[in-house]
There are 4 protein chains.
Amino acid sequence: MIELFATEKLMALYPKVEAFVKEELQPIEIELLKQPFNQAAKILEDKRTIARQLGIWAPFLNSEDGGQGLSMTEFAQISEILATTPFGHYALNCQAPDIGNIELLNKYSTEDQRRKYLKPLMEGKIRSCFSMTEPGFAGSNPVNMDTTAIRDGNDYIINGHKWFTTAADGAAFAIVMAVTDKDADKYRRASMIIVPTDTPGFNLVRNIPVMGETGEGYLTHGEIRYEDCRVPVSNLIDEEGSGFLLAQQRLGPGRIHHCMRWIGICERALDMMCRYAVSRDMGDGTVLADKQTIQNWIAESRAEIDAARYMVLHTAHMIDQQGSKAARIEISTIKFFVSNILMNVLDKAIQTHGALGITDDLVLSWWYRHERGSRIYDGPDEVHKSVLAKKILKQYM
Amino acid sequence: MIELFATEKLMALYPKVEAFVKEELQPIEIELLKQPFNQAAKILEDKRTIARQLGIWAPFLNSEDGGQGLSMTEFAQISEILATTPFGHYALNCQAPDIGNIELLNKYSTEDQRRKYLKPLMEGKIRSCFSMTEPGFAGSNPVNMDTTAIRDGNDYIINGHKWFTTAADGAAFAIVMAVTDKDADKYRRASMIIVPTDTPGFNLVRNIPVMGETGEGYLTHGEIRYEDCRVPVSNLIDEEGSGFLLAQQRLGPGRIHHCMRWIGICERALDMMCRYAVSRDMGDGTVLADKQTIQNWIAESRAEIDAARYMVLHTAHMIDQQGSKAARIEISTIKFFVSNILMNVLDKAIQTHGALGITDDLVLSWWYRHERGSRIYDGPDEVHKSVLAKKILKQYM
Amino acid sequence: MIELFATEKLMALYPKVEAFVKEELQPIEIELLKQPFNQAAKILEDKRTIARQLGIWAPFLNSEDGGQGLSMTEFAQISEILATTPFGHYALNCQAPDIGNIELLNKYSTEDQRRKYLKPLMEGKIRSCFSMTEPGFAGSNPVNMDTTAIRDGNDYIINGHKWFTTAADGAAFAIVMAVTDKDADKYRRASMIIVPTDTPGFNLVRNIPVMGETGEGYLTHGEIRYEDCRVPVSNLIDEEGSGFLLAQQRLGPGRIHHCMRWIGICERALDMMCRYAVSRDMGDGTVLADKQTIQNWIAESRAEIDAARYMVLHTAHMIDQQGSKAARIEISTIKFFVSNILMNVLDKAIQTHGALGITDDLVLSWWYRHERGSRIYDGPDEVHKSVLAKKILKQYM
Amino acid sequence: MIELFATEKLMALYPKVEAFVKEELQPIEIELLKQPFNQAAKILEDKRTIARQLGIWAPFLNSEDGGQGLSMTEFAQISEILATTPFGHYALNCQAPDIGNIELLNKYSTEDQRRKYLKPLMEGKIRSCFSMTEPGFAGSNPVNMDTTAIRDGNDYIINGHKWFTTAADGAAFAIVMAVTDKDADKYRRASMIIVPTDTPGFNLVRNIPVMGETGEGYLTHGEIRYEDCRVPVSNLIDEEGSGFLLAQQRLGPGRIHHCMRWIGICERALDMMCRYAVSRDMGDGTVLADKQTIQNWIAESRAEIDAARYMVLHTAHMIDQQGSKAARIEISTIKFFVSNILMNVLDKAIQTHGALGITDDLVLSWWYRHERGSRIYDGPDEVHKSVLAKKILKQYM
């Protein structure tokens, strides 16, 4: 916690979450990762029960929705501690992509959508996915896509090819981004539509093998073909043509959620580095921590992580005060800045552990693989840098 | 200014200082740098008069001492804007090494010392220097030194060899660090003593040529031989043996002052990059700012500078709340973190300007040379990293 | 091929190997990686038959042993082209760790050992492993180990705990490094002994899961417990106490083999970057290759790879002329220099491909995971840097 | 020397040059740098006499022109040793920009030009400069320029504004690049013309202050206004319109000359690092060289320098075999690759020396300033990277 961002509510909640993570999750994290997800999910279900009992469930939700009513700035700090173990967010039902879908639906769903989709999602009874990225289009610019939703009576008929629909396997529904009016202005072409995954024509082609793992259930990235997939018009979120705006709204906080997570991962990696460095006997009366190179890595990591945290918390604070649209540039900035720090710190942590560091006996190698995507998804570094630079340069023109 | 650190006092003062810097100093900065310092000093004297009139003089001093009574956090933000031009701090009489000496004497001087040395220093009537570093000793560990001050009746007789006594040329007095009891505990061996520079035996051997410039007056780094240099015992600061502790007290805030400065330099360099990039015609209908590499540099610089600023301001805030001793580790962290960002940003700014960037027609090349020392003085990066790492590792032992 | 290193023999062989790699292996590389190794091995057996027919089999072996009789410098260039696909070396029976064991046994084995172990290994009828690294000891300094081989009549009884015994699963025998005389000078304590893997007491505890894969057969890293594992004294390689010297001899060329491989991987990664960059439509009339950032990556990769190749070939040339002992420092240098270039180039290649880059649809993600160890195994970067620096500094003392 | 590139001629010459550099130049290098160039030039004149006597004069010239008749590959290795001290090349009359002008005139001058300009230049009796770069145009693309040479009877009348005309101060003549036919194809617009510096209208506006130094004589970068500067048509080099082609021919070898120099500077910087590291007492029984960070820097520098040398020598070899046009891409590659290594190594060498490193008591700070331009002149890194990348990418289109 940072003094300036430490509210009373946070100070009350933080130690509870920290204890939960350290006692309930970290000790079994390797065990959880080694089994197929659907098996791990049973153990995690018990942890969720404990979380509900401890009063730490769904920290980002309002109390009327069963949550803890945290501001973005408060949640950022809880999120960090949750991220120190792979299933921290999952255990409190604030994992991506569900948290993003919850935030979206919470703001834009109809009563009926809320009852059928949002409510059980908030309660952790179902999972969901977000189906936007297409293999045929560069970047994650939600303007470019081939998937269409054609109005047919009271239905939409959806056709298209999506991939990296994270956690599609086992999800109850997808929020699909599709073109509803190809002739409209490019920012008004697409809409978001809820598609239950048991709808005929929703075809999960495969879980894409990523960095050596195909995964299962929540831990997957789905490739999906929508083939004459018919859903009622009432499944439309907000209004026709608002897809791009909704995507912007969803991605902004989504990016900050990622940054929060990455800082937590970094803290854990640094903790592991230090722990190992002081205990690794070099056979000559010294320990690994006596090596200046290791000390350099620890110092550089500490500095980078602190810098990242301040950046992210000030951005969260800005979002709390002025909304995520106002913080758009700040969000682009932290996206590329923090993801690179994450990769730096993980790399140093692995190198510190030597051969042990690349084994799956530690969680580091899992993050190393799973987070390589951090510099790519939700907009690659290069896109965010250009966005930021162009915004800055505009002031000079 | 950062919203969370923007007090009313600061918001009133900031625009005045900014206007002063942009109107009075930046337009003549190259002209000032091109002439010998003692000539530039005359012009700067006029600027100091303006500064007094504008009510922005000596922002870190209390109002009873003629200053603006800013906290460290407030001053940090003023310091940043001052640093966007080489003589900003000088114009407001808050330049190193005088500011450090003022802070030290303000806390520890006798009435007599205050009257004779501190008062005229606060008023900008004289300059001073700080004589600690010796060529024979590695690092800037104030524990190691050869210079001695031997008690002889009511006098000290000082002998020793110092260098990098910044701004000694033209200074009215030096604060000298010397061993008064070589048999004491290593942290109690040395004392600080005021030595007027006209004392016989205070021999300024040379202004050390640094990065191509020998300089003059304030813009120098002196090599000094103290040869049977006799000063009254009443020139002792605080008490015998307190030299190390005083040095720690002086260096802590000194380092944060540097960091504030560096951020200001970075902001100016980035501003110059942007300004040049949008105006440089590439001969093919595009401008330099259209190049993705330039955009990358702008974005990366922006992110790094923001990160640095948050780090420094949170450290300043910690010093305001808990004192500089409590923030010792934070100060080590920002010292190496920010100095490296400074060098990164300056390097990119120069590269952006091409051949123009290495000329002295711009202020960039001056900073590039003068700030290369930033990673060395007040403790090289490597020492600060080890200090930080060892402090962290201690928690694991 | 580099002009100065292009012999006639090489110029005759190179295009054949290149065609073999591009026609027989690259097209099925993803398919091969997707199946369990023992299944892939059947397909690879057919490829080995083709290789024998083409006269490219075992290029590093003498013709009387069925090979092509290449010098190290020639083989380096063949090795590079082989490395452009994961099973290139395997298909020509010059894969680690077998190639290292063959080189060792070829020089030091008895007639009996040659007949029983070396001959079938050269013919690709069996596989082998090298059992040196222990989890309890830092670095890969072959001086430190706990495994013992106690003489008992005409047998050794081996006890110890090894890990990262690569390809132990399915190997016919291991070359084990064990202490035979704990009281000897530290460089004379250990010996190398051949242990058939079906010997009682040779217990493959597990294939260590590394970067998400446990693997199978050749593609594994074994953890082995030697528990009263008894082998005849005639299985000793060379003489008692020569283990350290043999290890040095084995590791030197081993490291250069790795470097050759890494350059081949880099070339393939760069080729994939270029191929993708020119074909990826950005949706605005440009392709990815038009982006300056991508161009920077291609240029920087090209320069680094070229530099690496020159370094490695000059080192290979030195080994050919003066033996691997003379090139010890050069080998340390290329080990850390090239492994870092490998990681740089792979990282850029992945980032260029975006989301596709992290999928297992391309071979990049396989290398990204499998080669992260390159900066660790056979001595981490940090150890090689110290070795090199100390050797240089010795000339100044 | 690299074994593969060590000819008999080189092995005979190298030790003589090395001894000359170490005995005649390095000991007085700081002294030479401290005085105005025209004063240093007198001392250097004596050294030139010694060089002639030793038979090492003008190593790149044929023996009939008084030189040693070295190939590019041989000269590269001599150039490296010369570059270990600031005036090495000057002492042997192979300094830029004269060497480039000599190479150009040697190939293209008329008998008359040869007698009047080339001969005395070869003999070191006069100096020259090369006047191409203009402040108004980005990059060093010789296609873009405003300077014109208008035919008027048997004269050209030259008008234009040039800068970074290195060593113009005191030069006997300039080779000026000017547009002779603005309507021609862009590669045929410009011509090269010899302009004696005492021609009316050749106005050296100033020596541009660069990185803190205005310099004098040879050590300057001139800003020149050509104002109705009239020279006879017989001063044209080659033919009208061939300026661009001649520039390409001149810049190619020019870049390789720079790379050779940079490697020599790196070697000296590394030598100084090592020398200082073993002698700097840390006050605790260790020396600086015991620090792992210093060891890392030494090892990384060693590796980078070796890599750079192999690259440059293979490129020189290619030029010797196939001409500089064939090696155009290789030259672009080494230009950005080696200049960055130069800056890395210099930075580490300075940091190793601490405060001493930034003083002008060592030659490091001189190089740090003077070579910052290496990443800019003769085409900035960014341009060379694009050139290289586009050439590579062309093969994929």
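A residue counts as buried here if 20 or more other C-beta atoms lie within 10 Å of its own. Keep that in mind for the first part, and note also that this is a predicted model.

I'll start with a strand in chain A. Strand β5 of chain A covers residues 190–196, and six of its seven residues are buried, so by that cut-off the strand is mostly covered.

What does β5(A) pair with? One partner is strand β4 of chain A, residues 173–179; the two are antiparallel and share seven bridges. Within that pairing, A:Ala190 of β5(A) is the bridge partner of A:Val179. Strand β8 of chain A, residues 236–237, also runs antiparallel to β5(A), and two bridges join them. Here A:Met192 has A:Ile237 in β8(A) as its bridge partner.

Now to the contact between chains. On the chain A side there are 33 residues, and they touch 32 residues of chain C. Three helices of chain A each give at least two residues to this side: α10 (328–353), α11 (355–358) and α12 (364–370). The largest share, three residues, is from α12(A). By type, the chain A side has 16 nonpolar residues, 10 polar and seven charged.

How are the two chains related?

Notes. Residues numbered from 1 in each chain as written. Chains lettered and ligands numbered in written order. Predicted model: local features only at pLDDT ≥ 70, side-chain atom pairs only at ≥ 80, totals over all residues. Contact = placed C-beta atoms within 7 Å. Helix = DSSP H or I, 4+ residues; strand = E, 2+ residues; numbered from the N terminus. Nonpolar A, V, L, I, M, F, W, Y, C, P; charged D, E, K, R; others polar. Buried ≥ 20, exposed ≤ 12 C-beta atoms within 10 Å, placed from the backbone. Pairing = 2+ DSSP bridges.
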